[in-house]
Amino acid sequence: MATPVKVHGPPLSTAVSRVLACLIEKDVPFQLIPVNMAKGEHKSPDFLKIQPFGQVPAFQDEATSLFESRAICRYICEKYPEKGNKGLYGTNPLAKASIDQWVEAEGQSFNPPSSVLVFQLAFAPRMKLKQDPSLISQNEAKLEKVLDVYDKRLGESRFLAGDDFSLADLSHLPNAHYLVNAAERGELFTSKKNVERWWGEISSRDSWKKVVDMQKQAT
C-alpha cells in the first residue's frame, strides 16, 4: 500500500474509535489526524469537503473519502480482505448477512440509548453540563431490554453473528467501554451472564486495548 489511510478525528470519539479498532484488527496502516472539535475544526471548509455533515470521523484512502464509521469499517474489510483478521466481515454471503443484521441492531437498537447514557454520564460531567435524570432512567430501561435480547442470543452462540469475532461485536465496543469504565454502568453488562462473558472477551482483544491506550494518551 502506497500511503497509509487517514482517519480524521479524536480517538475519544466513539465513532472514531470504532474505525481505529477495525483498522488494527485488519492490520491496515493508518495515520490518525487530530481534529480539535472544541475549536470548531470539524466545521471548517476543508474538513467539510471530506465530511459534509461536519462530524467525525472522516476517512481517506488515497483518492477515496468516506464518512459514517460503520460504512468505513465495511469498506476496510472489503478493500483489504487478505490483511489481518480475514473473517472480520465474513467470507460468504450468509456470514456477511448475519454480521450485517447485528451491526444494524447495534446502530438501530443499541446505539441510541447507549449514546444518550454515554453523553449524560461520561461526557456531560467533563463538559460541566447538567445531567437529565429522567433521560438517564428512560434510556437505561431501553438498553436493558436490548441487552436482554443479546443475552438470549449469546446463550446460543459465542459472538453475536456466530462463533467468530466480527464487525457485529466490534461495533459495540466504543459505547460499551464508556458505560462500563467511565459511566459506572458496568452492571448493565455484568448482570447478564452471557453478555458479561461476551463483553469480557471482546473488550480484552489486543486491538481494543490499543485503542484504549490511544484514548488515554489523548486525555
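I take a pocket to be an open set of grid points where a 1.4 Å probe fits, with protein on both sides within 12 Å along at least five of seven lines. The model I examined is a predicted one.

**Entry 1: the largest pocket.** I looked up the volume of the largest pocket, which is about 520 Å³. Its lining consists of 20 residues, and Pro10, Ser13, Thr14, Met37 and Val56 are those nearest the centre. I noted that α1 (14-25) and α3 (69-79) each contribute at least two lining residues. The largest share, 3 residues, belongs to α1. By class, I recorded 11 nonpolar, 6 polar and 3 charged residues in this lining.

**Entry 2: the second largest pocket.** I found a volume of about 270 Å³ for the second largest pocket. It is lined by 14 residues, with Thr14, Ser115, Val118, Phe119 and Phe123 closest to its centre. Two or more lining residues come from each of α1 and α4 (93-126). Helix α4 gives the most, with 6 residues. I listed the lining as 6 nonpolar, 5 polar and 3 charged residues.

**Entry 3: Ser166.** I located Ser166 in the loop between α5 (133-154) and α6 (167-170).

**Entry 4: Lys152.** I placed Lys152 in helix α5.

Methods:
Residues numbered from 1 in each chain as written. Predicted model: local features only at pLDDT ≥ 70, side-chain atom pairs only at ≥ 80, totals over all residues. Heavy atoms only, no water. Helix = DSSP H or I, 4+ residues; strand = E, 2+ residues; numbered from the N terminus. 1 Å grid on protein atoms, 1.4 Å probe; cavity = no way out; pocket = protein on both sides within 12 Å on 5 of 7 lines; lining within 4 Å. Points joined across faces, edges and corners; volume = space filled by probe spheres on them. Nonpolar A, V, L, I, M, F, W, Y, C, P; charged D, E, K, R; others polar.
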